[in-house]
Structure formats: structure tokens, C-alpha cells
Amino acid sequence: MEKGLKKSIINLYGLPSFGFQLFVNMEVFYFAAFLTDFAKLPMALVGTVLMITSIFDILWVPTAGVLLEKSNMKWGKYRSWLLVGPPFAALFFILQFSKIGSPTTNAIIITIGFVVSHLIWNIFYGGHIALNSSMTTVREERITMASNRGMFNSLGAIAFSLIGMKMILALGKGNPAMGYTLTVVITGIVMVACYYALFFMTKDYAFHGTSVQSGKTEEKMSIGEMLKQIVVNPPLIGLMLGELGRYLGRFVIFGLAFYYFKYVVNNLAVIAIFMTGLNVVTFFGAAITNPLAKKIGERNTYILSLSIFIIGLLAVWAFPMNYISFMGIMFIAYLGYGMPDALGVAMYSSTVEYGEWKTGKNARGFIMSLISFPIKTAILVRSVIITAVLAGSGYVANMKATPELISSVKNGLTLVPAVIMLVGLLFIILLYKITPQSLVKMQSEITARKA
């Protein structure tokens, strides 16, 4: 008989996400800048490093899922990775922000640091996500944990936006590159501590949701069987495509925000307020998701949220605005990003049950690791869209704000993401049909088969 989840675990399930966001945002915001301005690599080498690392970043998602599903260490199939993975990921991530040797040698070290750290963290990131569904089958507990994870995600992003650059500058006096390295060391220690906290808290739940105790022999799923879990799982396909649209829209907005404030509303100074405000809104979006999803269901909450986001973007596109009205509308609209952000884990957990109900096999580790795939793909595609938007307007650095540039940037920041997210929303509506009632029915049938 499995124990019910402790309140402390439900409330602190998202704690590792705080540490992870504090840790990984160094790369999100400053990796390219580190390569060019602090490691001082030639642009040809910078382009090569970014291309190689982007390719591996996508390939590692399914690879990590396979490794997670086939692993079976003694501290629990998924829980073990919270102990084993973070320290090694932190060590190699330090190499990613190091200045060692000649430019070519440095580029190789940075690339190795990126490739190895990302493979490891994709595995333990997937292990953390998988605990959402392995520790409990209670839908309400899963929703609460997913919502808390969304809030901790936002808190980590807010914390980094407040202290990240200050730490880099303070630690890098006389040696700017070392400021990046030492900041990664400190944030890495915090990240490891957050994962270890959840590891020790979940000792009593290490083997929930697994067929045998870890460390013992179990029947392994083949790679073909894991991939089949995607093909026969329309809700999973719909969710991944919907998430791809949502993340792609978000990354395009972030990438073009600089140009929008500089050339469209002519007030670049307030961009920091805008970016911090979006993270704060994401936190509140995650906070209100929990009661809303329990009342109307995850699918309906997701559809409502993304609809709010799309309507807000179209309003900004259709009407002339100054920077105050622009930020006001965008903060309201961005609730539509924050709410699904807090639902993802619970919705992916439901697709695990759908896959087991459909095939008789549970590929929890593999499926839950796919939560990163839309993010990695969106980052790669984002660059193409932003480049096309700027090139289409004839953009040159510090050029005069021409009507063509203003129109192109405005369309790129609002209309393009709105269309992308509308397509993603259609995939959710058409393919993700799991409701609270159908989930209970699937769980009952799975339990009956095992009995």
C-alpha cells in the first residue's frame, strides 16, 4: 500500500526548479555575450560553438529520456538522479563559462562543458518531472505540485534577474571572465542544494510508480517501444505541438523586445522593468492555476490561458500604444503564458497514463523527459524567425526608425507569435482530449489489468 504524499513534499516539489532557473539563466541571458566579449572567441568560432551546442541540445532530449527509462539505481528509478546528476552537471557547466588556453582550445572546452552538462541535466530534470506522476496518482496532488513548480520556476527567474549581473560584476573585478565562472559556481551550489533537499524529503516515496525496487533487474523497454509511445499517443503529440507554439511565441517576444522598445515605443530604458514584470506575472499565473485547473480541468484551463495570450497580442498589434499601455496589456496577456507553464507537468503526467492504457507499458521517464523538447526546438527556430523579421525590414544596427522597421518589429513581436500560438492551440483542442473523468477511467482500467 503506497503512502499518501506529505504536505511538505507537495508544497516543496518545485524547489529544485528554483535552483535550476537560478543556475540555467546564466546560459539563457549571457552565453553568447560570454563567448564574444569575455572568452573573446573569433566570430567564426562563436558561430561554430553555437551551432554544435544547439544541435546537441535538441538531440539530448530523447537520448536523456531513453537513459532515464533504462536506468535503475538503488535510490529509486527517478529519485536517484536528483542525487547523482546535479553535481556533475554543475562541474561541466563551469567549463562552459571558463576562459582557458588559446581560442580554439577554449572553444573545445566550452563545447565539451555544454554538451556533457546538458545531457546530464536533461536526465535529472526528467527525473524530477517524472516524480510528479510516479509519487501519486491523485490528480489534485499532481496539479498542486505542477503549480508549485511553476511558481518556483518564476521565483528562480526573478531572483536571477535581480542578482545575476550584480554577482558577475562584483566577482569579476579585475577579471571579468572570472566573474562569470564564479557566478556559475555559486548558482551551481544552490542548484545542487535544492535538488538534494527534495531527494532527502522523498525517501519514503522512492519506489512509487515503479514495478520493482531500484537496483534490481527489471524488463527494459526497447527504444522502439519508447518511440511507439509517441506515435500511439495523440494527447502527447498535441501537447508537445501546443507547447512548441507557446514557447516559440515567448522566445520571439523576448528576442524582439529590445527592438520594440528602442524603435517602436522609443523608450529602451524601461525594458528591464518589462522583463522583470513578465517573470512576476508568470509567478501569479502559476499561483491561480491550481484552483482553476482543479475546477474546470487542465485542458480547459490551458485553452483559456492561451486564448488570453493570443487576444492580448492581437490587441497590441491592432491598436497604437505608448510604452505604458503596451506593458499593461502585455502583463495581462502574459498570464496566458504563466498559467500553462504551471500545468505542463500535470498534463504530461496524464499522457503517461494514456500511453500505458493504450499499450500496456509505462514509459514515464521517457515521456516526462520530452517536456524539454518543445523548449529546445523553439530556441532553434526562434533565431530563424527573428533574423527573418529584422532582415525583411533592412535592419542595420542603430538605424533610424523607418516605417518599414517599425511595422516589421511590431508584426514580429505580436502578430507572428499570435499566429504561432493559435496553431499550437488548435493542436491542443484537436488532439489533447484527456479530461478529469477520462483520466480516472484510464487509471481504473490500468489498475484492474495489473490486478
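In the predicted model, D204 forms a salt bridge with K6, with 3.7 Å between the closest N and O atoms. D204 is located in the loop between α7 and α8 (223-231), whereas K6 belongs to the segment before α1 (7-12), so the pair ties together parts that are 198 residues apart in sequence. In total, 10 salt bridges are present in the structure.

Helix α7 (residues 176-201) also packs with helix α4 (residues 80-96): their axes come within 9 Å and cross at roughly 180°. With angles over 145° counted as roughly antiparallel, α4 and α7 are therefore roughly antiparallel to each other. On the α4 side, the contact is made by S80, L82, L83, P86, P87, A90, F93 and I94. The residues of α7 that meet them are T181, V184, V185, G188, M191, V192, Y195, Y196, L198 and F199. By class, the residues of this contact comprise 15 nonpolar and three polar, with no charged residue.

One cavity of 30 Å³ or more was found in the structure. The volume of the largest cavity is about 40 Å³. Its lining consists of R139, E298, R299, S350, Y432, I434, T435, P436 and L439. Two or more of the lining residues come from each of the elements α11 (298-318) and α18 (436-450). In contrast to the α4 and α7 contact, which has no charged residues, the lining of the largest cavity has three charged residues, along with four nonpolar and two polar.

Notes:
Residues are numbered from 1 along each chain as its sequence is written. This is a predicted model: local features need pLDDT of at least 70, side-chain atom pairs count only at pLDDT 80 or more; totals for chains, interfaces and linings use all residues. Side-chain values use heavy atoms; hydrogens and water are left out. On a 1 Å grid over the protein atoms alone, a cavity is a set of points where a 1.4 Å probe fits but cannot get out, and a pocket is an open set with protein on both sides within 12 Å along at least five of seven lines; lining residues have an atom within 4 Å of a point. Grid points are joined across faces, edges and corners, and a volume is the space filled by probe spheres set on the points. Helices (H or I, at least four residues) and strands (E, at least two) are DSSP runs, numbered from the N terminus. Ala, Val, Leu, Ile, Met, Phe, Trp, Tyr, Cys and Pro count as nonpolar, Asp, Glu, Lys and Arg as charged, and the others, Gly among them, as polar. Axes are lines fitted to C-alpha atoms, for helices over the stretch in contact, and angles run from 0 to 180 degrees between N-to-C directions. Angles under 35 degrees count as roughly parallel, over 145 as roughly antiparallel, 65 to 115 as roughly perpendicular and the rest as oblique. Contact means heavy atoms within 4.5 Å. A salt bridge is a side-chain nitrogen of Lys or Arg within 4 Å of a carboxyl oxygen of Asp or Glu.
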